[in-house]
Amino acid sequence: MYELLIVPDARLRQKSLPVTQFDAKLNDFVQHLEAAMLDGMGGVGIAAPQLGLLQRIVMVDCSLGRHKNKNHGRLLMINPEIVTYDGEALGREGCLSVPEWVGTVPRARRITVRYQDLQGQFHEVVSKAFEARVMQHEIDHLDGILFIDRIISTKDMLRRMDI
Ligand SMILES: [Zn+2]
C-alpha cells in the first residue's frame, strides 16, 4: 500500500501540506510509518513523504540500535516546527531514501520543536545532539530537502560499505 520512495523520485522534492484532520485515517497511516521506520537500517527516523504521503508528519526514535545518546524515545511529530536553533555541530548522516550514501552535515546542536500529537494537542520538546540532528533531517523532508543538499562537500560523500 505504501512503498519507500528512493531518489530521484520527484515526490521526495515536494513540499508537504499541514495535517488538518486528526482522524482514524491519520492513525492508520502512522502505523505504516512506524513499521517502515522499524524496517529501515538504523530505524531512527522517517518522514511521511518518504512513503509518498505529502503531509507534515515525522517519527523519530533514537532509543534504538547503536544510538544510546540522551533521547525522548519514540516521538510522533505532526506539523512540527523548529522554533529555536542553538549552536552548530557536524555529524554523519544517511537516509532510507538515499540508499548506500552517507555524508557529513552541519546541523544546530540544540533545537526546540513545537508539534502536534495524534489528537491534535500541541507540545514542545527541547532536543540536543544526535536526536536533534535526526529531527532536523526528518523535518527537512517535509520541505523536499535531503541531507545531500546540505553536506559540507561532495568529496565527503561516502558509500555506506566504506564505513
Ligand atoms: Zn531521510
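Helices (H or I, at least four residues) and strands (E, at least two) are taken here as DSSP runs and numbered from the N terminus. The structure is a predicted model, in which local features need pLDDT of at least 70 and side-chain atom pairs count only at pLDDT 80 or more, whereas totals for chains, interfaces and linings use all residues. Residues are numbered from 1 along each chain as its sequence is written.

Two strands are regarded as paired if DSSP finds at least two bridges between them. Five strands form an open sheet in the order 1-2-3-6-7, and their pairing is antiparallel.

Strand 6 and strand 7 form a hairpin with five residues between them, and Gly-120 in the turn has a positive phi of about 90°.

Another open sheet consists of three strands in the order 4-5-8, with antiparallel pairing. Strand 4 and strand 8 (158-159) stand at its edges with a single partner strand each, so one side of each is left without a neighbour in the sheet. Strand 5 and strand 8 pair in the antiparallel sense over two bridges; Trp-101 has Arg-159 in strand 8 as its bridge partner.

A residue is classed as buried if 20 or more other C-beta atoms lie within 10 Å of its own, as exposed if 12 or fewer do, and as partly exposed in between, with C-beta atoms placed from the backbone. A nonpolar core is a set of buried Ala, Val, Leu, Ile, Met, Phe, Trp, Tyr and Cys residues joined through C-beta atoms within 7 Å. The largest nonpolar core has 27 residues, and those with the most contacts inside it are Leu-33, Ile-46, Val-58, Met-59, Val-60, Met-77 and Met-135. Two or more residues are given to this core by each of helix 1 (24-39), strand 1 (45-47), strand 2 (57-61), strand 3 (74-86), strand 6 (110-116) and helix 2 (129-141).

Met-59 lies in strand 2 and counts as buried, with 22 C-beta neighbours inside 10 Å. Not counting residues up to four places away in sequence, Met-59 touches Leu-33, Glu-34, Met-37, Gly-45, Ile-46, Arg-74, Leu-75 and Leu-76. Met-59 and Val-30 are 29 residues apart in sequence, and 8.6 Å separates them in space, C-alpha to C-alpha. With the same exclusion of residues up to four places away, the contacts of Val-58 include Met-77, Pro-80, Glu-138 and Ile-139.

Helix 2 is mostly covered, as 11 of its 13 residues are buried; among them are Arg-133, Met-135, His-137 and Asp-140. In helix 1, where His-32 lies, this residue is partly exposed, with 15 other C-beta atoms within 10 Å. His-32 touches Met-1, Tyr-2 and Leu-51, not counting residues up to four places away in sequence.

Most residues other than glycine have a negative phi, and most peptide bonds are trans. Asn-79, found in strand 3, has a positive phi near 50° and is partly exposed, with 19 C-beta neighbours inside 10 Å. Glu-100 is located in the loop between strand 4 (89-93) and strand 5 (101-107). Phi of Glu-100 is also positive, near 80°, and with 11 C-beta neighbours inside 10 Å this residue counts as exposed. A cis peptide bond, with omega of about 5°, joins Val-7 and Pro-8; Pro-8 belongs to the segment before helix 1.

How values were computed
Contact = placed C-beta atoms within 7 Å.
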